[in-house]
Amino acid sequence: MLDYESLLNHQIQAVKPSGIRKFFDIANEMENVISLSIGEPDFCTPWHVRQAAIDTLQQGKTWYSPNRGFLELRQEISKWLKHKYQVSYNPDNEILVTVGGSEAIDLCIRSLINPGDEVLIPEPSFVCYVPMTTMAKGIPVTIETKVEDNFRLTAKALKEKITPKSKLLILPFPNNPTGAVMRRKHLEEIAEVVREHNLLVLSDEIYGELTYGETGHVCFAEIEGMREHTIVINGFSKTYAMTGWRLGYAAGPHQIIDPMTKLHQYAIMSSPTMAQYAAIEALKNGDDDILCMREQYDVRRRLIVDSLNEMGLTCFEPEGAFYVFPCIKSTGLTSESFAEELLRKEHVAVVPGNAFGNCGEGFLRVSYSYSLNHITEALNRIQRFLKERSTQ
């Protein structure tokens with residue numbers, strides 16, 4: 001029998017499976033589970049967007065697209081970025097359409113990182129950045145963000161981690177799992193450090209349109225002097241409830257987009273045709289859909305934050321995405337123990353905070369991308385779980 005372990009890529013073998021999927025998979029095998037674990041909108045993709053895809057099928061438009069994506073889609077992405085954030089990109093060579101935002105992140109890291117280059121990664125953050133850096137033979141350098149800073153990256157914390165090998169900063173805001181956002185003044189402080197040390201920036205803005213309050217999302221590339229330093233990653237999954245369509249994009253200087261396109265060319269070739277036509281419709285006529293979904297998320301956000309705080313699971317108010325990050329240290333349980341007991345006893349699935357980096361220990365990620373009825377039932381079960389523990 002073959003010794004497969006000796007034959008496989010050692011770097012990939014060393015990468016741990018996603019902590020998010022672990023609890024999701026366990027929950028799938030149980031009955032009567034209420035899940036607050038997955039960051040997937042419970043809304044259907046808006047009908048007019050689905051209809052656009054149906055029309056392409058009826059018209060027989062089932063061919064490959066150009067490697068970079070259909071020009072019409074790249075033009076609409078360019079218009080949307082200009083309208084929303086006052087930043088301009090040439091649709092001919094500065095925008096690449098990818099299979100989800102995750103592919104865009106992977107292409108960016110692999111196009112920029114040589115063996116030994118350091119990638120600065122604020123944590124807690126989405127689970128893919130460290131493994132993707134490792135698999136590109138880069139060195140992930142994590143930067144702890146703290147609850148007292150509302151989990152924002154500070155210029156001071158960034159400076160302390162920079163070395164002569166630092167090349168790329170990942171800016172994952174609005175943040176998964178914390179819901180933290182970086183307002184303009186915070187981004188301007190980070191921009192000063194980027195200029196001083198000549199860093200490149202991967203700005204993952206997939207939750208940009210899910211920012212709450214009177215001040216909207218600020219694209220890092222619109223900060224003075226940052227366009228040439230920045231690759232903006234975005235997509236359609238969260239903004240338009242199009243997770244299964246698998247469509248994202250990268251926008252940045254053509255000197256970086258060109259090698260990303262080369263990788264995409266050989267690994268993927270092109271993004272799904274029907275999804276691209278649907279995305280064109282979403283960009284042209286989807287602003288009202290965004291507003292409607294954001295308003296409903298905001299109602300859920302207030303309910304879940306207030307309820308968790310009343311239970312004693314202290315939770316700062318997230319200003320973006322659709323997650324809360326309550327502290328469970330008062331229970332005396334670790335993040336994984338809390339999540340496992342809650343799942344076993346009350347059939348509520350959440351994600352332990354340490355799945356998003358070691359500094360997430362003592363916290364949970366709880367998603368409010370679910371209906372109010374779903375959230376309310378989950379909160380009732382969590383409260384019952386806490387009461388039972390307090391009487392033991």
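Three strands make up an open sheet in the order S9-S12-S11, paired antiparallel (strands are DSSP E runs of at least two residues, helices are H or I runs of at least four, both numbered from the N terminus; two strands pair if DSSP finds at least two bridges between them). Strand S9 (323-324) and strand S11 (351-352) sit at the edges with a single partner strand each, so one side of each has no neighbour in the sheet. S9 is joined to strand S12 (residues 364-367) by two bridges, and Tyr 323 has Ser 367 as its bridge partner in S12.

A quick note on the basis: this is a predicted model, where local features need pLDDT of at least 70, side-chain atom pairs count only at pLDDT 80 or more, and totals for chains, interfaces and linings use all residues. Residues are numbered from 1 along each chain as its sequence is written, and side-chain values use heavy atoms, with hydrogens and water left out.

Now for the helices. H13 (residues 335-346) packs on H14 (residues 372-390) at an angle of about 105°, with the axes 10 Å apart. The two are therefore roughly perpendicular (65 to 115 degrees). Phe 338 and Leu 342 are among the H13 residues in the contact, and Ile 382, Phe 385 and Leu 386 among those of H14 (contact means heavy atoms within 4.5 Å). The contact residues divide into five nonpolar, no polar and seven charged.

Leu 372 also belongs to H14. At 37% relative accessibility, Leu 372 is partly exposed (between buried, under 20%, and exposed, over 50%, with a 1.4 Å probe and protein chains only). Leaving aside residues up to four places away in sequence, Leu 372 touches Val 299, Arg 300 and Leu 303.

Definitions and conventions
Axes are lines fitted to C-alpha atoms, for helices over the stretch in contact, and angles run from 0 to 180 degrees between N-to-C directions. Angles under 35 degrees count as roughly parallel, over 145 as roughly antiparallel, 65 to 115 as roughly perpendicular and the rest as oblique. Ala, Val, Leu, Ile, Met, Phe, Trp, Tyr, Cys and Pro count as nonpolar, Asp, Glu, Lys and Arg as charged, and the others, Gly among them, as polar.
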